[in-house]
Amino acid sequence: MTRLILASQSPARTKLLRNAGIAHEVLVSDVDELAVQARYGVTDPHDTALLLARAKAEAVASLPEADGALVIGCDSVFEFDGEAHGKPYTAEVAKERMLRMSGSMGVLHTGHWLVDCRDTDSDGSVDASETGTPVAGTGATLGSVTSAEVHFMEMSEDEIDTYIATGEPLQCAGSFTIDGYGGAFIRKVDGDPHTVVGLSISTLRALLGQAKVGVTELWTGGAADPADVRAE
């Protein structure tokens, strides 16, 4: 069976894949995001998201545990007033950002990077597994960024303080989520909503296709029941 490794500790990304019935493992990278940005000097939010996604994917792909698998790395960066906003980490930073975001709009960029760690013979033919089934390693390493506009409702200072007290926004790009408490403050999203959560399933499908893997090959038959998803 084709193996997919998610190079992220994000519960939201894991939940997206699980709900889509996509079999995967989780292997977290130890990438220092600030060091990577400093090394390459990238400041554009779009490019930063792709750079960090690539760094995470390649770090995990270099591990022995990734042999024979496909690795997907993701990173999200929120662009607001021309600035790149990652995770705020502190309540003070989150509050300053959210007061500015109230009633306004920003763009959430999510970078995706796929590395194919499956073996391919030097002559271009593929190896065979123990069952004789071809293992279609491509050696691909490729990425894509998806972006979505996020429009916020007006937020009172009390609401912002209460939201920050939950701890939810401190570890989220842009200081908000769409699939948690923060959804109460989002008026609409123009673009793929999965992008705002942190992993576009349709973008993953496209990247897998370029590595000659159909997304249906990863389906487990265990996708979330739509009724259960609505009931959550």
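**Helix against helix**

I began with the H4 and H5 pair: Ala 91, Ala 94, Lys 95, Met 98 and Leu 99 of H4 meet Glu 157, Ile 160, Asp 161, Tyr 163 and Ile 164 of H5. Contact here means heavy atoms within 4.5 Å. Helices (H or I, at least four residues) and strands (E, at least two) are DSSP runs, numbered from the N terminus. I sorted the contact residues into 7 nonpolar, no polar and 3 charged. My classes: Ala, Val, Leu, Ile, Met, Phe, Trp, Tyr, Cys and Pro are nonpolar, Asp, Glu, Lys and Arg are charged, and the others, Gly among them, are polar.

A note on the source: this is a predicted model, where local features need pLDDT of at least 70, side-chain atom pairs count only at pLDDT 80 or more, and totals for chains, interfaces and linings use all residues. Residues are numbered from 1 along each chain as its sequence is written, and side-chain values use heavy atoms, with hydrogens and water left out.

H4 (residues 91–101) and H5 (residues 157–165) pack at about 145°, axes 10 Å apart. Axes are lines fitted to C-alpha atoms, for helices over the stretch in contact, and angles run from 0 to 180 degrees between N-to-C directions. The crossing of H4 and H5 is right-handed (the near helix is turned clockwise from the far one by less than a right angle).

Next I checked H2 and H3, which pack at about 120° with axes 10 Å apart. From H2, Glu 33, Val 36, Gln 37 and Tyr 40 touch Thr 48, Leu 51, Leu 52, Ala 55 and Lys 56 of H3.

A cavity is a set of points on a 1 Å grid over the protein atoms alone where a 1.4 Å probe fits but cannot get out; a pocket is an open set with protein on both sides within 12 Å along at least five of seven lines; lining residues have an atom within 4 Å of a point. Points join across faces, edges and corners, and volume is the space filled by probe spheres set on them. Among the residues lining the largest cavity are Met 98, Tyr 163 and Gly 182.

The largest pocket holds about 1,200 Å³. Of its 44 lining residues, Ser 10, Arg 13, Lys 87, Gln 171 and Cys 172 are closest to the centre. H1 gives the most to this lining, 6 residues.
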